[in-house]
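These are my notebook entries on a single protein model.

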Amino acid sequence: MGSLNLQVNLGGLTMKNPVTTASGTFGFGLEFAPFIDLSRLGAIVVKGTTLEPREGNPTPRMAETPAGMLNAIGLQNPGVEAFIRDYLPPLRQIDTPVIVNVSGNSVEDYGRLASILDEADGVAALEVNISCPNVKEGGIQFGTLPASAAAVTRAVRENTQKPVIVKLSPNVTDITEMARAVVDAGADALALINTLLGMDIDICTRRPVLANIFGGLSGPAIKPVALRMIYQVYRAVHVPILGMGGIMNSQDAIAFMLAGATAIAVGTANFTNPRATMDILEGIEEYCCREGVRDVNELIGAAHSHLTG
């Protein structure tokens, strides 16, 4: 175990191991301190942060499905200034990089957030959520059009020296087209996939179960879609990938790395098992030792080797 190298590099961000958390499923990190040693994580991705505080969508805004969950939280958060003042100081005391997920309603919002967080001590990297509606364009999501996704990426890139990780939406026709657009605009790494748009209906009330009607589907149901997209994007661009989407155990995590992910983020699993990240990290270590892997980086993209001989 002592000779195993677990360190990975995610677009300029050095992580002691490839296991991190998916934004929106781990609060601001400190909520999980009673359950795990946060310093053992490769990184902590905090919940989505916006310029101004947001109360989020009306309830109900979460619902279980047979193989996952639907959510339409609506980016409830205290705003970037409160995050820096109230949440960042204790996070700085943890020996783990902090990645801040940022969201906005306009390209200017993203640029302003990047500028503010670039000056914040303790922020290691930015994860750019482009699944938000562009208010100026009538609510069209930034992440569904290559030009819009590139514009957001460029605005963040121009306003920060920190690694920029762009989180792609799966709700597109061609994920590789989106990946190329944001990499060309300056992304250092990609995160995929965000949730798939879905809904459910209560047959007793004859109404949608979510007040927002539609929500993001996460959990085991979307794992095959996530694996497929990571596999495709790994072949299309040459930046590291933070893989996520239905990772419930170490076997899932290893499959994501074999598909091309440099690191993985645990999301829905945190709700059913607050120690999921630690179980997955220990499972990766056990797999590497059992399979004779000396460096976890050997796993990245290994499922493509049959194509190159």
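Against which elements do the buried residues of α3 pack? I worked on a predicted model, and there the buried residues of α3 pack against α2 (107-118), β8 (125-129), β11 (164-167) and α4 (175-184).

Entry 1, helix α3. I listed the buried residues of α3 as S148, A149, A150, V152, T153, A155 and V156. I then checked the length of the helix, which covers residues 146-157. With twelve residues at 1.5 Å a residue, α3 should span 16 Å, and its end C-alpha atoms are 16 Å apart, so the two values agree.

In α4 I found I175, T176, M178, A179, A181 and V182 to be buried. The cover over these buried residues includes α3, β11, β12 (189-192) and α5. I also looked at what comes after the helix: α4 is followed by G186, which has a positive phi, near 120 degrees.

I looked up how α5 (residues 223-236) and α6 (residues 250-259) are placed. They pack at an angle of about 25 degrees, and their axes are 8 Å apart. Angles under 35 degrees count as roughly parallel, and α5 and α6 are therefore roughly parallel to each other. On the α5 side, the contact is made by K223, A226, L227, I230, Y231 and Y234; on the α6 side, by D252, A255, F256 and A259. I sorted the residues of this contact into eight nonpolar, no polar and two charged.

I located T20 in strand β3 (residues 19-21). Is T20 buried or exposed? Its relative accessible area is 1%, so T20 is buried. Leaving out residues up to four places away in sequence, I noted that T20 touches M15, A43, I44, V45, L242, I264, A265, V266 and T277.

C204, by contrast, has a relative accessible area of 71% and is exposed.

Note on methods:
Residues are numbered from 1 along each chain as its sequence is written. This is a predicted model: local features need pLDDT of at least 70, side-chain atom pairs count only at pLDDT 80 or more; totals for chains, interfaces and linings use all residues. Side-chain values use heavy atoms; hydrogens and water are left out. Axes are lines fitted to C-alpha atoms, for helices over the stretch in contact, and angles run from 0 to 180 degrees between N-to-C directions. Helices (H or I, at least four residues) and strands (E, at least two) are DSSP runs, numbered from the N terminus. Angles under 35 degrees count as roughly parallel, over 145 as roughly antiparallel, 65 to 115 as roughly perpendicular and the rest as oblique. Contact means heavy atoms within 4.5 Å. Ala, Val, Leu, Ile, Met, Phe, Trp, Tyr, Cys and Pro count as nonpolar, Asp, Glu, Lys and Arg as charged, and the others, Gly among them, as polar. Buried means under 20% relative accessible area, exposed over 50%, partly exposed in between (1.4 Å probe, protein chains only). The expected span of a helix is 1.5 Å times one less than its number of residues.
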